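Subject: Structure handover and findings

Hi,

Here is the structure I promised to pass on. My notes on it follow below.

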Amino acid sequence: MAEAATPAPVAPSITSHLKRDADGKPYIAGVKCGNCGHTYVGERNTCAKCYARNTMQPVKLAEKGKLYTFSIIHRSFPGIETPFIDIIVDLDDGAHIKGILKGVDPDPAKITFDMRVKVDYQEIMPAGAKEKYLAYYFIPDNS
Ligand SMILES: [Zn+2]
């Protein structure tokens with residue numbers, strides 16, 4: 001996380017649901033159903049829970065949640081360092097999001113279902129890229 005005195009980074013986002021606010025602070029963008037209140041990552045027009053149409057309002061999603069499930073990835077594309085931990089997180093606002101868990105050894109004995117995690121924004125240089133991109137990961141939330 002950037003400190004307050006650090007100028008806002010300008011790296012473009014690596015995915016469409018990762019955005020920056022007017023101050024340059026990153027957030028995960030989602031929508032909230034105006035009918036039932038369920039939240040989703042990214043944009044959509046129809047609620048998958050109550051089927052209401054055109055009631056979605058843009059929201060900043062929660063940055064904390066709990067690990068729902070994980071896979072330890074041992075083989076990937078050239079240039080992608082393995083192993084890494086691919087996860088699905090139940091965010092505290094009800095949205096579900098895919099991500100990568102860092103700060104934990106890729107060992108099933110060290111990863112627990114329902115463990116608390118939080119978003120960690122990072123500027124990364126993807127393999128083969130010519131510029132840095134803003135990305136998000138999850139790390140253990142011990143707070
Ligand atoms: Zn709904």
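A definition to start with: a residue is buried if 20 or more other C-beta atoms lie within 10 Å of its own, exposed if 12 or fewer, and partly exposed in between, with C-beta atoms placed from the backbone. By that rule Leu61 is buried, because 23 other C-beta atoms lie within 10 Å.

Two notes on conventions. Residues are numbered from 1 along each chain as its sequence is written. The model is predicted, so local features need pLDDT of at least 70 and side-chain atom pairs count only at pLDDT 80 or more, while totals for chains, interfaces and linings use all residues.

Overall picture

The chain has nine strands and zero helices. Helices (H or I, at least four residues) and strands (E, at least two) are DSSP runs, numbered from the N terminus. The order of elements from the N terminus is β-β-β-β-β-β-β-β-β. The C-alpha atoms fill a box of roughly 40 × 40 × 35 Å along the principal axes. Buried residues make up 20% of the 143 in the chain.

Contacts here mean that two C-beta atoms, placed from the backbone, lie within 7 Å. Of the contacts between residues at least 6 apart in sequence, 46% join residues at least 24 apart.

S2 (26–33) is mostly covered, with seven of its eight residues buried. For pairing, DSSP must find at least two bridges between two strands.

- S1 (residues 18–20) pairs with S2 in the antiparallel sense over three bridges. Arg20 stands opposite Pro26 in S2. The S1–S2 hairpin has five residues between the strands, and Gly24 there takes a positive phi near 90°.
- S3 and S2 run antiparallel and are joined by three bridges. Lys32 has Thr39 in S3 as its bridge partner. This pair also forms a hairpin with five residues between the strands, and Gly37 in the turn has a positive phi of about 85°.
- S4 and S2 are antiparallel too, with five bridges. Val31 is bridged to Pro58 in S4.

The core

A nonpolar core is a set of buried Ala, Val, Leu, Ile, Met, Phe, Trp, Tyr and Cys residues joined through C-beta atoms within 7 Å. The largest one has 23 residues. Ile28, Ile87, Val89, Leu101 and Phe138 have the most contacts inside it. S2, S5, S6, S7, S8 and S9 (133–140) each supply at least two of its residues.

Which residues does Val89 contact, leaving aside neighbours within four places in sequence? They are Gly65, Lys66, Leu67, Tyr68, Ile97, Gly99, Val117 and Phe138.

Ile97 sits in S7 (residues 96–101). Ile97 counts as buried because it has 22 C-beta neighbours inside 10 Å. Not counting residues up to four places away in sequence, Ile97 touches Ile28, Val41, Val89 and Leu91. Ile97 and Gly42 are 55 residues apart in sequence, yet 9.7 Å apart C-alpha to C-alpha.

Back to Leu61, which lies in the loop between S4 and S5. With residues up to four places away left out, Leu61 touches Ile28, Gly30, Thr39, Val41, Leu91, Asp93 and Ala95. Leu61 and Lys32 are 29 residues apart in sequence and 9.2 Å apart in space, C-alpha to C-alpha.

Backbone points to check

Most residues other than glycine have a negative phi, and most peptide bonds are trans.

- Asn54 has a positive phi near 55°. Asn54 is in the loop between S3 (39–41) and S4 (56–60). Asn54 is exposed, because 8 other C-beta atoms lie within 10 Å.
- Asp114 has a positive phi of about 70°. Asp114 lies in the loop between S7 and S8 (116–124). Asp114 is exposed, because 10 other C-beta atoms lie within 10 Å.
- The peptide bond from Thr82 to Pro83 is cis, with omega near -5°. Pro83 is in the loop between S5 (64–73) and S6 (84–91).

Best wishes
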